[in-house]
Amino acid sequence: MDLKVSRGRFLITRMIGCGSFGEVYEGMKIDNGRHVAIKLERTSSSGPELLQREMRVYRRIDRSAVGLPKAYWMGVEGRYTMIIMELLGPNLEELLHHCGRCFSLKTLLSVAEQMVTRLQLLHHMGFIHRDIKPDNFAIGSGSHRDKIYLFDFGLSKFYMDPDTHQHIPYDDDKPHDAVGTARYCSRRSHLGIEQSRRDDLESVGYVLVYLHNGRLPWQGLKARNKRQKYDLISIKKHSIRTDKLFENLPRAFLHYMVCVQQIRFRETPDYSQLRQIFRALFFQKRYRRDFTFDWDLNEVDRAEKSKYLRKERGIPDPPEPKTEDKTEE
């Protein structure tokens, strides 16, 4: 695709993603050659206008913010609503596949600490994400490859009124279709309880189990339709004790999840304490802060490492995971 957008300032070069939200292209800023991501959504779409939701978030992101992509232009052009933003590297789902379907403990701890920090920043802006999953975290490009970015704010929502600074009210009568991706959403979300900051952090816990084990216990459940699938995931998720879910990981990860599940609906999480859980184990293991990850290894070393990790953890080579659809309230 060879198309100029935003009054000829940007050139679309190739598609890099598509879904129910619209399409994402790689592009280039014509005057300086900077590579960008261009996210498009048809203005005639009958969907929930996810890009309009995203724009609310990007308008509040400070240009100096670390780990949240910058938007260069937002608006409507022709038949499309679009956001032109910072181009990121591969997401964690792609990197997991690249690394043999499981991450080393060193990489996992570094990723976990950055995830908590990114959510703290988003929450400080007054938003909850509501679709935390490996696909929505990516590494930066170029000199920012050591940083984990949080993106895709199409389902993000104010939990704090931007004018009155009042927290949204508690509600336990929401639709039971999970907002976001059922595989990673919180237990309370399955029960129809309004999400708040604690739910984003609980989703991080499930993501970490997935990145360590290569799968979650409620993957692969057979169902006749999406409604039944959500119900089966909810039943399975609630039936597994938290200590059982985290039994293959160091106890620090269980400690994180227990702390998160004890957070009250309106309570401000202690992000520093949560980060320190992972940081303490990192230094206890005598890992070096060299900002290298499993995906930075050469192909041979990476393959050998993943083979060793799967054998050590008793993890069979899992099938390729299927991408799950988002749902909206």
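Which residues does S6 touch, not counting residues up to four places away in sequence? I shall answer that after a word on the model.

Good morning, colleagues. This is a predicted model, in which local features need pLDDT of at least 70 and side-chain atom pairs count only at pLDDT 80 or more, while totals for chains, interfaces and linings use all residues. Residues are numbered from 1 along each chain as its sequence is written, and side-chain values use heavy atoms, with hydrogens and water left out.

S6 touches W73, E77 and I84, where contact means heavy atoms within 4.5 Å. The residue sits in the loop that joins β1 (3-5) and β2 (10-19); strands are DSSP runs of E, at least two residues, and helices are runs of H or I, at least four, numbered from the N terminus. S6 counts as buried because its relative accessibility is 0%; buried means under 20% relative accessible area, with a 1.4 Å probe and protein chains only.

After α3 comes G126, with a positive phi near 100°. Between S6 and G126 there are 29 Å in space, C-alpha to C-alpha, and they are 120 residues apart in sequence.

Helix α5, residues 197-213, has 17 residues and reaches 25 Å, close to the expected 24 Å. Because 17 of its 17 residues are buried, α5 is largely enclosed by the rest of the structure. G214 follows α5, and its phi is positive, near 85°.

Key. The expected span of a helix is 1.5 Å times one less than its number of residues. Buried means under 20% relative accessible area, exposed over 50%, partly exposed in between (1.4 Å probe, protein chains only).
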